[in-house]
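Colleague: Please put the model up. I have some questions about the terms used for it.

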Amino acid sequence: MKQTAHPPDHRPVRTPTGPAEVSDPPQARPGTRRRPTSRQWAAWAFLTPVTLYLVLFYAYPLYRNLDLSLRDYTVRSFVQGNAPFTGLENYAKVLDDPTFAPALLHTVVFTAVCLVFQYAIGLALAVFFHQNFRLSATLRALFLVPWLLPLIVSASTWSWMLNSDSGIVNALLSTVGVGPVNWLTSPSWSLTSVIIANIWIGVPFNLVVLHSGLQSIPASLYEAAALDGANAWHRFWRITFPLLRPVSAITLLLGLVYTLKVFDIIWIMTKGGPADSSTTFATWSYQLGFGNLLPAFGPGAAVGNLLVVAAVVFGLVYIRVQRKQALS
């Protein structure tokens with residue numbers, strides 16, 4: 001039986017001179033490759049710099065750090081590249097090291113206390129500056145100074161302020177009858193000192209992000225709550241705080257990732273001492289890899305990878321929480 005070929009589809013199109021027929025554009029034959037269009041070439045051109053940046057400054061360093069932690073590197077083998085493969089031996093050394101437990105505790109305490117106080121103080125200041133009084137913009141700009149200063153300047157300033165002999169903090173304490181405190185040289189106060197300095201540095205970031213979140217809340221909600229008789233405290237807990245949850249979540253996540261890897265402040269102020277009383281995973285990793293005459297590259301990289309795993313875990317938890325909130 002013969003099959004008759006169907007004529008091409010012609011559709012009438014209304015023109016000024018009368019109806020006309022326009023045929024559909026020819027379809028590509030199956031099995032033939034379509035050439036990339038100029039728009040696709042432009043998209044690849046924009047993606048190439050980002051891809052190269054991620055590969056060179058993220059993927060390759062992570063790969064090298066993982067390779068360091070799985071091999072027995074010395075200074076010679078680090079240069080020549082012939083270090084023997086040892087598997088998880090470096091991780092076992094780190095876990096058996098007597099410094100591991102204190103460093104883990106200090107890392108958890110340092111991170112948790114800094115996050116709580118940075119967020120609480122930043123939120124209080126954001127609500128305060130949301131009132132838009134006359135000097136609001138000027139004072140808010142002054143609060144950004146600690147965030148804009150280089151960390152080495154901030155840490156050196158706090159080292160001078162907390163100096164046992166000539167520090168301004170002990171001088172102020174002496175005026176109220178309190179004796180000098182060995183902020184940086186006492187095992188009981190060294191961790192507290194670096195926590196105070198890091199809180200001071202991190203508050204402006206929380207202030208900026210949370211203040212921007214407050215500006216996105218409609219003022220009509222506060223006006224309606226005021227008409228219903230809600231006071232300022234009720235308006236904060238029933239309107240401000242719930243609507244700030246997405247902004248608060250990303251603020252705490254970024255603060256967590258930043259605080260986990262804080263090194264400059266602790267190293268400049270106390271170098272992790274005295275007697276490892278302020279050692280965290282960040283300072284311990286540096287000390288193992290570069291702080292000794294015989295560097296332990298493998299164990300130092302293993303400690304650094306523990307920090308990376310912790311940051312990834314918290315990031316995945318954040319993504320899961322955000323998905324649940326979007327579905328609910």
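Colleague: Leaving aside its neighbours within four places in sequence, which residues is Asn 170 in contact with?

Modeller: They are Asn 163, Ser 164, Pro 180, Val 181 and Trp 183, where contact means heavy atoms within 4.5 Å. This is a predicted model, in which local features need pLDDT of at least 70, side-chain atom pairs count only at pLDDT 80 or more, and totals for chains, interfaces and linings use all residues. Residues are numbered from 1 along each chain as its sequence is written, and side-chain values use heavy atoms, with hydrogens and water left out.

Colleague: Why is Asn 170 called buried?

Modeller: Its relative accessibility is 7%, and buried means under 20% relative accessible area (exposed is over 50%, partly exposed in between; 1.4 Å probe, protein chains only). Asn 170 therefore counts as buried.

Colleague: What makes α9 roughly antiparallel to α12?

Modeller: Helix α9 (residues 190-215) and helix α12 (residues 245-260) pack at about 155°, with axes 10 Å apart. Angles under 35 degrees count as roughly parallel, over 145 as roughly antiparallel, 65 to 115 as roughly perpendicular and the rest as oblique, so the pair is roughly antiparallel. The residues of this contact divide into 7 nonpolar, 6 polar and no charged.

Colleague: How do you know that the reach of α12 is close to the expected one?

Modeller: The expected span is 1.5 Å times one less than the number of residues. α12 has 16 residues and reaches 22 Å from first C-alpha to last, against 22 Å expected.

Definitions and conventions:
Axes fitted to C-alpha atoms, helices over the stretch in contact; angles between N-to-C directions. Helix = DSSP H or I, 4+ residues; strand = E, 2+ residues; numbered from the N terminus. Nonpolar A, V, L, I, M, F, W, Y, C, P; charged D, E, K, R; others polar.
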